[in-house]
2 protein chains.
Amino acid sequence: MKDGDRGRLLLVPNTLDHGSEPVPIEAVLARGVLEQAAALRHWVVEDARSARAFLKRVAVLTPLAAPLQEIAIAELPRPRKGSGQAPPAAAWAALLQPALGGHDLGLLSEAGLPAVADPGAQLVAAAHDAGLRVLALPGPSALMLALAASGLDGQSFAFVGYLPQDAAARERRLRELEALSQRQRQTQLFIETPYRNAALAAALLAVLQPSTRLAIACGLTLPAGWSRCQRVADWRRAPPTLPDRLPAVFALRAD
Amino acid sequence: MKDGDRGRLLLVPNTLDHGSEPVPIEAVLARGVLEQAAALRHWVVEDARSARAFLKRVAVLTPLAAPLQEIAIAELPRPRKGSGQAPPAAAWAALLQPALGGHDLGLLSEAGLPAVADPGAQLVAAAHDAGLRVLALPGPSALMLALAASGLDGQSFAFVGYLPQDAAARERRLRELEALSQRQRQTQLFIETPYRNAALAAALLAVLQPSTRLAIACGLTLPAGWSRCQRVADWRRAPPTLPDRLPAVFALRAD
């Protein structure tokens, strides 16, 4: 499976239970994916500690190719807050070194698919620039599960990341997204840091039009998970209770 | 797992090999998902024939709750071309009847997640309106695999469905998407019917700016699958060969 003497970059999905009680890994990841993850001896990851925990869970079902302490795990550069500086190109080349030297290399984030609403895209871009083969392995995407479960239009949608934290700026952004959703007939998806979920939900109910359909999906793939979609007017009659430790995905569509 | 005496609507992911040589189902779907699919006796599906083929594949790994011929499989209403009319609300209520009567009900499309770039969203919306619990089971999403493998920005993206078939309208739409991508710093994803993939790729290379980054992912999760991202100027030096039977996902990001 090598391209000449180069390795591939494999994007390996993680479970969605980061920070929660672990679910059985085989409940959300395919056996074929676990086997491909177990075969890797070189990784670039969002967080080394959670990557080792992931590999221990994999090992229960599929023997790893090498003892855990012999598996090379490098971390993605953390964005330096406020510096506005991207990591130098040499950083990506160094991380890709195992693949350039002929070994398959795994990319793993703390939850879900790497490089989607998560770090890693720059490494993937560097891999393409270096002519490496890139292979994304199938796994859970909280965004797509939330979208599917919402019943909102899945033929036209956008993910816009995080909303501003400042209340006035958030209100402006929400009105903008609502107008965009109506004009473009496009479902708008966004996320929030779990401990701010309840504050965001309150802002949504305060700002959005009563007729706008709002979907909230919380703790997807977890036993406590749920998803619900109704018009803002109906949410107002029975506001949701959002736990402060479970990840949530929000989606809106204005008529 | 019942909500009082109501069943749930379970969104069951399918493999991505529709129309191709089947891949091992355990290569892309988790055991837990296969078990939940095998337990269902009532389904609403995009296509009954492919749903039965799916259940036969599931049955090889996990015994079905009932013989296949005793499993109730209803089809989603097909959109009537040109009529512009939505199916009547009563149609959705009829399809949801098993869940209203206390049985868990599965929703399945021909490939990937139901209701994402696929029919089914209206049934999910009707389930929410009827107060049913909706549960999306994790599985492969071609859109998210393509996005992850592209290395393009996964923090801000839109899926815009199909482009116009008419060459002039398609060119206008591509220029619009390119401008939108640049202005909003948003990756734009779109798809095409497989036999028109090569024509779309040619149009992309003809219309887009040389500096725009263009990702093409073809046959994801299949042995023949590949994904590649580079600037349009580089694609022009070695235009891609797109098979006319494999699904592809396209993504662009203008600087």
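Mentor: Before we start, two strands count as paired if DSSP finds at least two bridges between them. Keep in mind too that this is a predicted model.

Trainee: Okay, in what order do the five strands of the open sheet in chain B come?

Mentor: Start at the edges: β3 (72-75) and β5 (134-136) of chain B each pair on one side only. The pairing throughout this open sheet is parallel, and neighbouring strands are turned by 25 degrees against each other on average, direction ignored. Reading across, the order in chain B is β3-β2-β4-β1-β5.

Trainee: Which residue in β4(B) stands opposite B:V12?

Mentor: Look at β1 (residues 9-12) and β4 (residues 105-108) of chain B, which pair in the parallel sense over four bridges. In β4(B), the residue opposite B:V12 is B:L108.

Trainee: And what angle does helix α5 of chain B make with β5(B)?

Mentor: That helix, residues 121-129 of chain B, packs on the sheet and touches β1, β2 (42-45), β4 and β5 of chain B. Taking its direction against that of β5(B), you get about 140 degrees.

Trainee: Let's go to the chain contacts. How many nonpolar residues are on the side of chain B that touches chain A?

Mentor: In total, 47 residues of chain B are in contact with 46 residues of chain A. Elements giving two or more residues to chain B's side include α1 (31-38), α6 (142-150) and β9 (226-231) of chain B. By class, that side has twelve polar and five charged residues, and the nonpolar ones number 30.

Trainee: Which residue in β6(B) stands opposite A:A158?

Mentor: Strand β6 (residues 157-162) of chain A is joined to β6(B) by three bridges, and the two run antiparallel. Opposite A:A158 you'll find B:A158.

Trainee: One on the backbone: is A:A117, with its positive phi, buried or exposed?

Mentor: Most residues other than glycine have a negative phi. The cut-off for buried is 20 or more other C-beta atoms within 10 Å. A:A117 has 24 of them, so the word is buried.

Note on methods:
Residues are numbered from 1 along each chain as its sequence is written. Chains are lettered from A and ligands numbered from 1 in the order in which they are written. This is a predicted model: local features need pLDDT of at least 70, side-chain atom pairs count only at pLDDT 80 or more; totals for chains, interfaces and linings use all residues. Axes are lines fitted to C-alpha atoms, for helices over the stretch in contact, and angles run from 0 to 180 degrees between N-to-C directions. Two residues are in contact if their C-beta atoms, placed from the backbone, lie within 7 Å. Ala, Val, Leu, Ile, Met, Phe, Trp, Tyr, Cys and Pro count as nonpolar, Asp, Glu, Lys and Arg as charged, and the others, Gly among them, as polar. A residue is buried if 20 or more other C-beta atoms lie within 10 Å of its own, exposed if 12 or fewer, and partly exposed in between; C-beta atoms are placed from the backbone.
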